[in-house]
There are 2 protein chains.
Amino acid sequence: MTKRRSETKVLTPARSAQLRAMDSPSKASHESWAMELVQRGLLEGQDGYQLWLRHAPLTDEVRRQAYRQAFGQVNVVGHSATLLAAERELSRALPSMLAQPVSITRGISVQEESGLLIASVQGLPALKDLVGELSDLGTEGFALVRVQRRGRALFVVAAQTDLGVLYGAYELLRRLAQGVPVEQLTGRFIPKVKLRMLNHWDNLDGTIERGYAGFSLWNWYALPDIVDPRYLDYARACASVGINGVTLTNVNANALILSHDYLLKVKALADVLRPYGVRVYLTARFSAPMVLDGLETADPEDERVQRWWSDKCTAIYRLIPDFGGFVVKANSEGQPGPQDYGRSHAQGANLLARALRPHGGTVMWRAFVYSAEVPTDRASQAYAEFVPLDGQFEPNCLVQVKNGPIDFQPREPQHPLFGAMPHTPMMMEFQLTQEYLGNSTHLCYLAPLFAEVLNSPGHGGTVAQVVQGAVRPTSVTGMTAVSNVGSDPNWCGHHFAAANWYAYGRLAWDPESDPRDLALEWIKQTWGTHEGLVDVLLSIMLQSREAVVNYMTPLGLHHIMAYNHHQGPAPWIDQGRPDWTCTYYHRADAAGLGFDRTKRGSGNIEQYPPSYQRLVEDSTTCPLDLLLWFHHVAWSAPLSTGNTLWQELCLRYQAGVDAVGDFIERWASVEQHVDELRYSAVRGALLRQRADAVRWKDACLSYFHGFCRLPYPSQVTPPEHALDWYKQQEQYFVPGIPERRFGH
Amino acid sequence: MTKRRSETKVLTPARSAQLRAMDSPSKASHESWAMELVQRGLLEGQDGYQLWLRHAPLTDEVRRQAYRQAFGQVNVVGHSATLLAAERELSRALPSMLAQPVSITRGISVQEESGLLIASVQGLPALKDLVGELSDLGTEGFALVRVQRRGRALFVVAAQTDLGVLYGAYELLRRLAQGVPVEQLTGRFIPKVKLRMLNHWDNLDGTIERGYAGFSLWNWYALPDIVDPRYLDYARACASVGINGVTLTNVNANALILSHDYLLKVKALADVLRPYGVRVYLTARFSAPMVLDGLETADPEDERVQRWWSDKCTAIYRLIPDFGGFVVKANSEGQPGPQDYGRSHAQGANLLARALRPHGGTVMWRAFVYSAEVPTDRASQAYAEFVPLDGQFEPNCLVQVKNGPIDFQPREPQHPLFGAMPHTPMMMEFQLTQEYLGNSTHLCYLAPLFAEVLNSPGHGGTVAQVVQGAVRPTSVTGMTAVSNVGSDPNWCGHHFAAANWYAYGRLAWDPESDPRDLALEWIKQTWGTHEGLVDVLLSIMLQSREAVVNYMTPLGLHHIMAYNHHQGPAPWIDQGRPDWTCTYYHRADAAGLGFDRTKRGSGNIEQYPPSYQRLVEDSTTCPLDLLLWFHHVAWSAPLSTGNTLWQELCLRYQAGVDAVGDFIERWASVEQHVDELRYSAVRGALLRQRADAVRWKDACLSYFHGFCRLPYPSQVTPPEHALDWYKQQEQYFVPGIPERRFGH
C-alpha cells in the first residue's frame, strides 16, 4: 500500500478503464496479488515526493535480466557514513528496479566476488590493482569499470574517495533507469566545476523570498532537537545530481543565524547533510557584529570588526568542521555593506575571506549590485563596479554573477562580467525558483536557458569555459542556483519544476551537458520509459521556456512585470524608483520600442567581447530574440522574418499562448500513462498557465497598442478588454513575498 | 514500495536487529518477497500522513479469518458521490486489513447476497424491509446490522442517507482495527451534536495564527485551477471521525475572502469536501461592506449594510449551495463589530443570521470578548456581556463559547456561560492547536481536558448536557475546535497531536465518550495493536496533559506565559495592557499567590451554579487543581496534601518535569515496535519537551521564590540560574505568530 493515496476526483474515460483494469486482480494467488499491489503502488498516488529517485521496476525484460545477472549481488568494502549511504541507496533501488531481492555483502575479499563491487581507495587501498589508476579522478570523480576475472564479470564503482563512490552509485542507477546496455555502462566521470551550490532564500520565520513551493524546509524552531527526516531525503536528491554545497539562508540576510543558538541548529542540519557530501554555507549580514554584539561599526578595516569575524568563524568551525563559508549580498537593495564605510566590495569580501581562510572556507560575494542614484543603464552597473576590483580579492573569494545583467528575466543576454575579471574566480548564479517565469504554476524547463547562457561568448571563451576555469585557471570554480525547493509534498510545487533542480545539478557537474539529454534522463526516472510518453514530455519540456518568453517578454523585452510580486504583466508601471519601473526598460513611445544599449544609447554593449558587440550592435544582425534588449526599434520597421516589429511582437505573444494550448492537448494524450495524482495536478497547472499567458499577451499588447496604434495581424486574437481592465487586475497574497495586508 | 522512505540516521541496537530481520527476505519466492515488501512498507518510512487511516494488516489470525469470511465481498447499492466515497474507503482498507483481495459489486439484488452490504434508504428504498426501521437515525446516523438469510450471514451498513452510510463504513473499519468480534460489531449510532466543526485560523498569505504544523493547507494562490489532492485526504480524515463543517479562515478575519475571486476558490474547496459531508464556513469580517465595496458604514441597523450582506449571501449560495455560514469574532482584540456603532452583539449576529437564513446558513458568534477598558476580572466579562442578550438572537445563531473563561489555558474551570443563556443555542469551542500547551513540540493528549470541561457543572446540567441541548432543547447544537492541522507531512507536527484531532471529532459526535477509549482506538489504528506498545502509549497519553499542567501552570495558575508567542514562561510580565500581563493573573506578593475570585475578591464565582460556588468558594474545599484560580493563598498555608502552598507548588512543577522524563524512558522501551521515522521524531520532541519543562519549572519557581523566600523542598531540583537569566532568554521566530523582525 502506498503512503499517499488519494481518491479519484474526476473519472475520465481513460482513467476509468485504467482503474477498472487495476481493480480486478487475479484471484488465482494472493502472492501475485501482492506483487500487483507493489506495482499499483508505483502508479497510483504518486505525490512526487520521490522525485527522480523512484527506482520504478524496469519494464524492458531483456535488459532487466542482464542487470539481474550483473547486479544481483552487491559487495561493499568500507565503513564510512558516505559509503553506507551508497550502500543503502543501492539496496533500496536495485530490488525495486530489478524486481528481485539483491544480496548485499560487506567487506568480503574482492578476488572471490562477481556482481557489483563498490569501494574507494580510502576503504580498499588495493582497489587500483583491480581497476587501474584512479588518482586522476580527484576527490569527487569516479569510474564505472567492468573487470573479467576467472571467467566471471565484476562491475566496480571505484573512486579515490567514498564521496566519489556515492556519486558513482547514483550514476549507475541513473544509467540503469535509462536502459543503457551493461557493456556501455562504464566510464570515468569527473566534475568540471568544484563548488556546485544551491542558494536557499529561506527566512528564519519559515517564509521563502520568491519561494513558490510552500515554505522553508528548515524548521528552525524545532531544530536542533527535532530533525525532520526530510532533510536526509533532500541530501539524497542533492547528492544524486552532484550538488555539494547549500546556502541555508536568504541573501537578504538575518544576523540571528550567526548567533550561538542558531549555529547549534545549523550544526544539526550539517550533520545530516555531511555523509552526502553536501556542505553547509550561510549568508552573512555585513552588519552582524553590530546587530549581535553591539559593535559600533562593521567597517571592514576596523580591527575589532576583523576580530569579531575571526572569532565567529572559529566558533562556527568548532561546531561544523566542514562549514563551507559565506554568501554575501552587500550594498544592494538595502543590504548593509562595506560601502557604508567608504570601503570597496573587495575590502568587504576580504574581511570575511581572511576570517574563513584558516578553516578552509570560501566567500561568495554577489555582483548583483546597483544603485538607484547611478543614472546610467542598470545593466552596466555591476561590470562598472567590479571590473576595477579585479585582482584585489583574496583567493578564497568568488565573485558570484547572475546569468544576465538585470535579474533572472525569461531571456537576457549573458552577463558582461564573465571573463572580464581574469584574476578573480567568478561563479555563475542561476535561478531555479521561477521568480519571473510563472512561479510554480507555469511549466518551464529551464535547462535551455542555462545552456544558452553557458554557450554564449564571455571574454576569452564561452561563459561555460570561464566558469570552469578553462580560459584561465583559477583557485576555485563554482556555480550556484537559487533553489526552487519548499515544503510542498513534491518539493518544487509544479511536478515539472523538479526537472530544473535535476538539470541544474547535472549542468553544474558538466556545464556542457545537453539540455535534451538531461530532460530525457529526468523523464525516464520520474515518469517512466513508455516511448510515447517520453516523446510527449520531452517535446513539451523543450518548447516550454520559449513559450514563456513569447507570452511574457518576446524579442528581448524585459522587466515588464508587476511591481512587487512579479507574477503577471504590468508594462505601464512608471512610478517609484526609476530602475524598478517597467517603462525604464521597454521605453515604448510613439516611434517604437526597446532599450538602446548601443554606443548611441547607454553604451552597455561595449562591456561585451568585440565579436559579440559587432553581432548585436547592428539591429539588422542582432538576434531577434534580443532585439529590443539592445535596440529601440520603430514599430513599422521590417524584421528578418518579413514582419514589422509590431506584427512580430503580436505573433510571438500569440505563439506563446498557442504553445500552452498545445501543451494541454499533448498532456491529455498521455493520460493513460500517468498516475492520476500527477496527471490532474499538471493539468490544473497548465490550465492556469494558459489563462496567465492570455493575460500577459492581452495586457502587454493592449498597452503597446496604445503607442503604435497599428492593426492587429489577422492571426492574432485581439485583447478581450481595454487596457484599464488589465491595470485593475490586482493579485493579493501572491506567494514568495511578505504578506501584503489588505483591508485592515 | 512506500512513498516516503528515509534512511536510518542513528542505528541503535534494537533498530539494527529489526532492519537485519527485514533485510533477509526469503529467497524462495519472488512472490512472497513481494508480500514482504508490502508489509515492510507499512512499518518502514511511516511519515504519519495516513493518520489513523493506515489500515494495517490485522495481526490476529483468528479474527482476520472471521473478518475475511464476513467482509470478503462488498455489495454497494447507490450511486452518489458520498456512497462512492464509502465504497472507495472500504475497497482501499479491507484488502489491506484482511490481507486478501476483496470483491466489490454494485447494484445487485440484496436478497441474493452474503458478505457486506452498504446502502441507504436514499439509494435502496427497500432497505428497511431488510434491516428494520431506520427513521430514528436522522440524517447522519447509521446502523450496523447482521441479517441471517437462508443460512447465510449478511452484514449491513444501513442509514437513511448516504452520509450515514459513509460514517458507518468508517465506524466498521474502526471496529475491525480494534479487533471487535464479528457478532459484536453491530449497533445503532446517532451523533449527539448537530454541528461538529473545525475552525482553521488560516490566513490568506498561508500563515496560520497559532499554527505549529507548517503552514496552511489551503493554497489560495493556486486555487481554483489547481486542487491539491491533500484536500481530499483532509476530508476523509474529518469524515472518518464525524466532523461535518470547517471554517477555512482565521477569526481575525480578512474581508478579501468574501470577494468574488476568492469565493471561486472557496467553491473549489467546497466541491472537494462535499461528498464527505463536510460543509464549508467562512469568517466574516464585520467591516467587509466597507472594505470590499466602499460603504461608509457597517452599522447592522443600516439598510444598505443589510442589503449588502443579503446580496453577498445570495452570491455565495449561488456558488456553494450547501455553504455552512459565518463564524464571527467581533469587538474583541481589535476586530470591528457592532459595538463600533453602539449596537449589541445580538444585533450584529442577527444582521448576518437574517442574510443567511433564507439559504439555511448559520452564524456562530464568538463570546470571546473582553475590553481592556473594563477594570473588572477578565474571567467575568463574557458572561456579563452576553447573559443580558439571552433570547435576542435569531434561531440560526449560536453563541460560541471557549471552554474556559480566559483563553485555552492548560487548565481552567468551565466557562460560566454554559447554561446561563437558556434561550440561546450555545456551542463549545475547544482548541486543538496547542497555543498554550507547548505547541507541536509537546506531547499532550487533550481529550482529558475536553472531558473534564464537558463533565463539569453548567447551569441546569453538565456542560456536555448543555452543549447537546439536553438541558433544554435548542434549534441547533454545535461544538468546534481550533484546528491543529497544517502543511506538515504528518498534518499536526507532533505524531501524537493527531490524537487530538481524532478524539475531538469523536467527542463532538458523543460528548460523553471516555478519553481512554478514544486513545485506545487511535493508538490501535495509528501505531498497531501490539499489547505492550498499546499499554505504554496509553499510559503516556493519559498522563500527558497533567504533566503539562504541572510544569507550566499547576494548582490553578494561568496566563503566565511569554507575552507574544506564548511558548515559554514569563510570570514577570507586568507591563502593557493590564489584562495581557501575567502579574494580573497570578497576583504573587509577599503574602501569597493566586487570584481571589470569591465574593471577597472579583466575585467571578457568582457566575457559576450555586453548588459549584459552594465547592470552590472555600479554599479548603476548592479542588487543589483550581486553588489559585479562585483564591489568593498564603505561601505557608497548609493544603489538604499536608504540604504548604509553596511546597506543593514546587513538588508539582517537579512532578511535571519528572513525568516527561518517564515518558522518554517509556518511549525508548517500545522502540522495536515502532517504525524508525516516527520513533526518532517523537524521541526528539520528547527531549525538547523535557528541556522546555525544566525551563518552565525553573523560571517560574525562581520568580515565585523571590516573593516567598522559602526553602525548596528536598525532592525538588532548584533552578540552575538566577531569575535574570530566565528573563533574558529570548525566542525568535516562534511559529504561529507574524514574523518578528530582528536586527534590521
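Visitor: Which residue in strand 3 of chain B stands opposite B:Val77?
Guide: In this predicted model, the residue facing B:Val77 is B:Ala119.

Visitor: What makes strand 1 and strand 3 of chain B a pair?
Guide: Pairing requires at least two bridges between two strands. Strand 1 (residues 73-77) and strand 3 (residues 115-120) of chain B are joined by four bridges and run parallel; the two strands therefore count as paired.

Visitor: In what order do the strands of the open sheet in chain B stand?
Guide: The order is 2-1-3-5-4-6, a sheet of six strands with mixed pairing.

Visitor: Why are strand 2 and strand 6 of chain B said to stand at the edges?
Guide: Strand 2 (103-106) and strand 6 (187-189) each have a single partner strand, so one side of each lacks a neighbour in the sheet. Between neighbouring strands of this sheet the average turn is 20 degrees, direction ignored.

Visitor: How are helix 6 and helix 7 of chain A oriented to each other, and why?
Guide: Helix 6 (residues 162-178) and helix 7 (residues 230-240) of chain A pack at about 75 degrees, with axes 9 Å apart. This angle falls within 65 to 115 degrees, and the two helices are therefore roughly perpendicular. On the side of helix 6 the contact involves A:Leu166, A:Tyr167, A:Tyr170 and A:Arg174, which meet A:Arg236, A:Ala239 and A:Ser240 of helix 7. By class, this contact has four nonpolar, one polar and two charged residues.

Visitor: Which strands of chain A close into a barrel?
Guide: Eight strands do, in the order 7-8-9-10-11-12-13-16, with parallel pairing. Neighbouring strands of this sheet are turned by 25 degrees on average, direction ignored.

Visitor: Why is A:Ser332 called buried?
Guide: Its relative accessible area is 1%, whereas the limit for buried is under 20%; A:Ser332 is therefore buried. A:Ser332 lies in the loop between strand 10 and helix 11 of chain A. Leaving aside residues up to four places away in sequence, A:Ser332 touches A:Phe368, A:Val369 and A:Tyr370.

Visitor: What makes the pair of A:Asp692 and A:Arg688 a salt bridge?
Guide: The N to O distance is 3.8 Å, and the criterion is within 4 Å. Both residues are buried and lie in helix 22 (residues 676-708) of chain A, four residues apart, about one turn of the helix.

Visitor: Why is the pair of B:Arg652 and B:Asp625 said to tie together separate parts of chain B?
Guide: Their side chains meet in a salt bridge at 2.9 Å, N to O. B:Arg652 belongs to helix 21 (residues 645-669) and B:Asp625 to the loop between helix 19 (610-617) and helix 20 (627-630) of chain B, so the linked parts are 27 residues apart in sequence.

Visitor: Why does B:Arg652 count as buried, and B:Asp625 as partly exposed?
Guide: Buried means under 20% and exposed over 50%. B:Arg652, at 15% relative accessibility, is therefore buried, while B:Asp625, at 27%, is partly exposed.

Visitor: How many salt bridges does the structure hold?
Guide: Over all chains there are 74.

Note on methods:
Residues are numbered from 1 along each chain as its sequence is written. Chains are lettered from A and ligands numbered from 1 in the order in which they are written. This is a predicted model: local features need pLDDT of at least 70, side-chain atom pairs count only at pLDDT 80 or more; totals for chains, interfaces and linings use all residues. Side-chain values use heavy atoms; hydrogens and water are left out. Axes are lines fitted to C-alpha atoms, for helices over the stretch in contact, and angles run from 0 to 180 degrees between N-to-C directions. Angles under 35 degrees count as roughly parallel, over 145 as roughly antiparallel, 65 to 115 as roughly perpendicular and the rest as oblique. Contact means heavy atoms within 4.5 Å. Ala, Val, Leu, Ile, Met, Phe, Trp, Tyr, Cys and Pro count as nonpolar, Asp, Glu, Lys and Arg as charged, and the others, Gly among them, as polar. Buried means under 20% relative accessible area, exposed over 50%, partly exposed in between (1.4 Å probe, protein chains only).
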